[in-house]
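Have the viewer ready and keep the selection tool at hand. We will go from stop to stop, with a word at each on what to pick and what is there.

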Amino acid sequence: MGKITNLGVLDVREIKEDLAKEITQMENIGLLIESDESQVLLKHANKINIGTSMKIPLGLNLKFVMKNGEMIIDKEYLESIVDPIAIIMNGILVFKKGIDPKVLDEMIYTIVLNGRLISPKKLSGLIESKGMINGEILSYTSDYEFFCGTTEITNRFLKVLKPDSKLAFENLVIINNIDMDIFKEKISNIQVLKKLIIINDYEDEIAQLIDEYYGINKTVIPNSSKGFIYIEDDIKLDNNSIKKYKGNGLYINGVAEIEFEENIDFQNHIECLICDKVICDEKTYNMIKDSLSDEVEVEIIKGRLINNKGKMVISEDLEQEVTIKNMGKLIFNENLNADNLEKSVSEIINYGLIEAPKNLINIITKKVKQNYGKIREPIEKNEEVQKEEKEDILYSNMAMLKL
């Protein structure tokens, strides 16, 4: 007797009676695929934390497509399929224009998606009816060519387009110097699904080509004498990394963590800084404040910022004052000096899990100014309990299992 646990997909449609009798529990299963026959054989088994349960007839010759990341489905992909498929994925699923709805309905049996679905409007209803979409759904005008993610238009981008192209963008950035004659020749219509970032110089001319321009989410940024540089993700700036900027404007689609150990003429490197948020200390803020756009949120911290997004172990005493932002698992070693920790840690913002030994747990708790996660002592299981748990597991930690 035992259990099956921690599986992405478990297919029990063809399970044999002898094996079914041994299974007492199915736990932490992302997708459970059953048949009428298997439901009878496994009616005694407990089902705990099953993400999605799906019943598929035994006689159906179905292929499974499992993917993490991005998957693009177009006309040619569907026409190459021999048997119907079930798509099971985590990530971004994109359907391109030109797909025949009848072919899609025939060849895609079901979709289980944790992530984002992007499709032409004329297919969106059919696709959503195919299964479970857990996440964001975006639909674009059906005869437009779609560009996923963030696209920055440059003269090189324009040159490869066909004349009078109709384009749909998830996010569109127009801040580079571009040839407007080529732009108008190559692009007749633009659709922006999420956000447009455009420099002031181009707004009047390009707005005429954008569908429902005044209703979309947009940011119009000021002109910069040496042009703007666009950065798609969070960024860290220090005395070394700042040197590559030569008086440009800088637009960051995220957070800027800035820390200068030495005084610097910030405007000599970055004329204007636009971002969601700046995190810095008081000294650095005084260096950069004249370059910040009015809408930038500023968070002043004490000391150096430690930003944990994964698993971090602090095993040695800290040598300087720090502010800690934890979005993963943060472990404080039992050998740390309590007095050093009290003096060195200014504050902790916790979105994840913090583990600390009993002698440090009170200090850590006091330092946590914002707590959206958990704080606890390390959990240690009895060896005999661990052995029993291991022996009770029939199958565990697999992407897909068919019984």
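Start with Ser-129, in the loop that runs between helix H5 (121-128) and strand E7 (131-140). Keep in mind as you look around that this is a predicted model. Is Ser-129 buried or exposed? Its relative accessibility is 55%, and exposed means over 50%, so Ser-129 counts as exposed.

**The rings**

Next, show the aromatic side chains. How many aromatic pairs are there? The count comes to eight. Pick Tyr-140 and Phe-146 from among them: the ring centres are 4.9 Å apart and the planes meet at 15°, so this pair is stacked. Both Tyr-140 and Phe-146 are buried.

Move on to Tyr-351 and Tyr-372. Their ring centres are 4.9 Å apart with the planes at 20°, and the pair is therefore stacked. Colour the surrounding loops to see where each partner sits: Tyr-351 is in the loop between strand E23 (345-350) and strand E24 (353-355), while Tyr-372 is in the loop between strand E25 (368-371) and strand E26 (374-376), so the pair ties together parts that lie 21 residues apart in sequence.

For one more ring, go to Tyr-213 and show Lys-218 with it. The charged end of Lys-218 sits over the Tyr-213 ring, 4.6 Å from the ring centre.

**The four-stranded sheet**

Finish in cartoon view with strands E13, E15, E17 and E18. These four strands form an open sheet in the order E13-E15-E17-E18, with parallel pairing. Which strands stand at the edges? They are E13 (235-237) and E18 (297-300); each has a single partner strand, so one side of each is left without a neighbour in the sheet. Look along the sheet and compare the strand directions: neighbouring strands are turned against each other by 20° on average, direction ignored.

Zoom in on strand E15 (residues 255-258) and strand E17 (residues 277-280), which pair in the parallel sense over three bridges. To end the tour, pick Val-255 and find its bridge partner in E17, which is Lys-277.

Conventions: Residues numbered from 1 in each chain as written. Predicted model: local features only at pLDDT ≥ 70, side-chain atom pairs only at ≥ 80, totals over all residues. Heavy atoms only, no water. Pairing = 2+ DSSP bridges. Helix = DSSP H or I, 4+ residues; strand = E, 2+ residues; numbered from the N terminus. Axes fitted to C-alpha atoms, helices over the stretch in contact; angles between N-to-C directions. Buried < 20%, exposed > 50% of the residue type's maximum accessible area, 1.4 Å probe, protein only. Phe/Tyr/Trp six-rings, centres within 6.5 Å; stacked < 30°, edge-to-face > 60°. Lys NZ or Arg CZ within 6 Å of the ring centre and 35° of its normal.
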